[in-house]
Amino acid sequence: MINFIKEKCQGCGVCVEICPKKLLLLDKSEVNGRGHTPVSITDKDSCSQCALCAMMCPDCVIIISNDEDK
Ligand code: SF4
Ligand code: SF4
């Protein structure tokens, strides 16, 4: 499962560039409390949970969790 703490996102786009499946984008219809356009995912089901995006994010916005039992 991939989740985002959108309030922490600075809209830098590093995760958008790094995702090998090109699933991430900056959703221009949203603005967070910091005044930035936060990250969004186009298709959660296609995410391989490789965690590359989470590793590269400077603000720890992206959380990959293994909570399939819940
Ligand atoms: S975990 Fe991997 S596949 Fe999923 S959004 Fe991040 S970089 Fe893309
Ligand atoms: S989630 Fe992280 S890497 Fe992606 S745009 Fe936001 S701050 Fe940048």
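This is a predicted model: local features need pLDDT of at least 70, side-chain atom pairs count only at pLDDT 80 or more; totals for chains, interfaces and linings use all residues.
Reader: What makes up the protein, in helices and strands, and in which order do the elements run?
Author: There are two helices and four strands in the protein, and from the N terminus on they follow one another as β-α-β-β-α-β.

Reader: Why is Cys-53 called buried?
Author: A residue counts as buried if 20 or more other C-beta atoms lie within 10 Å of its own, and Cys-53 has 25 such neighbours, so the label buried applies. Cys-53 has its place in helix 2, and, leaving aside residues up to four places away in sequence, Cys-53 touches Cys-15, Ile-18, Cys-19, Leu-24 and Ile-62. Between Cys-53 and Val-39, which are 14 residues apart in sequence, the C-alpha to C-alpha distance is 11 Å.

Reader: Which residues make up the largest nonpolar core, and what makes a set of residues a nonpolar core?
Author: Such a core consists of buried residues of the nonpolar kinds listed for it, Cys, Leu, Val and Ile among them, joined through C-beta atoms within 7 Å. The largest one here has ten residues in all, namely Cys-9, Cys-15, Cys-19, Leu-24, Val-39, Ile-41, Cys-53, Cys-57, Val-61 and Ile-62. In soluble globular proteins, nonpolar side chains tend to be buried together. Over the protein, buried residues make up 16% of the 70 residues.

Reader: What does Cys-9, one of the core residues, touch?
Author: Not counting residues up to four places away in sequence, Cys-9 is in contact with Phe-4, Asn-32, His-36, Pro-38, Val-39, Asp-59 and Val-61.

Reader: Which residues are the closest to each ligand, and how do the shells divide by class?
Author: Around ligand 1 there are 15 residues, of which Cys-19, Cys-47, Cys-50, Leu-52 and Cys-53 are the closest, and this shell divides into twelve nonpolar, two polar and one charged. Around ligand 2 there are 13 residues, with Cys-9, Cys-12, Cys-15, Cys-57 and Val-61 the closest, and by class this shell has nine nonpolar, three polar and one charged.

Reader: Why is Ser-48 called exposed?
Author: The label exposed needs 12 or fewer other C-beta atoms within 10 Å, and Ser-48 has 11, so Ser-48 counts as exposed. Ser-48 is found in the loop between strand 3 (39-41) and helix 2 (52-56).

Reader: How do you know whether Gln-49 is buried or exposed?
Author: With 12 other C-beta atoms within 10 Å, Gln-49 is exposed, because the limit of 12 or fewer includes that count. Gln-49 lies in the loop between strand 3 and helix 2.

Reader: What is the phi of Gln-49, and what is that of Lys-22?
Author: Most residues other than glycine have a negative phi. Gln-49, although not a glycine, has a positive phi of about 60°, and Lys-22, also not a glycine, has a positive phi of about 55°. Lys-22 lies in the loop between helix 1 (14-18) and strand 2 (24-26), and is exposed, with 10 other C-beta atoms within 10 Å.

Notes: Residues are numbered from 1 along each chain as its sequence is written. Chains are lettered from A and ligands numbered from 1 in the order in which they are written. A residue is near a molecule or strand if its C-beta atom, placed from the backbone, lies within 6 Å of it. Ala, Val, Leu, Ile, Met, Phe, Trp, Tyr, Cys and Pro count as nonpolar, Asp, Glu, Lys and Arg as charged, and the others, Gly among them, as polar. Two residues are in contact if their C-beta atoms, placed from the backbone, lie within 7 Å.
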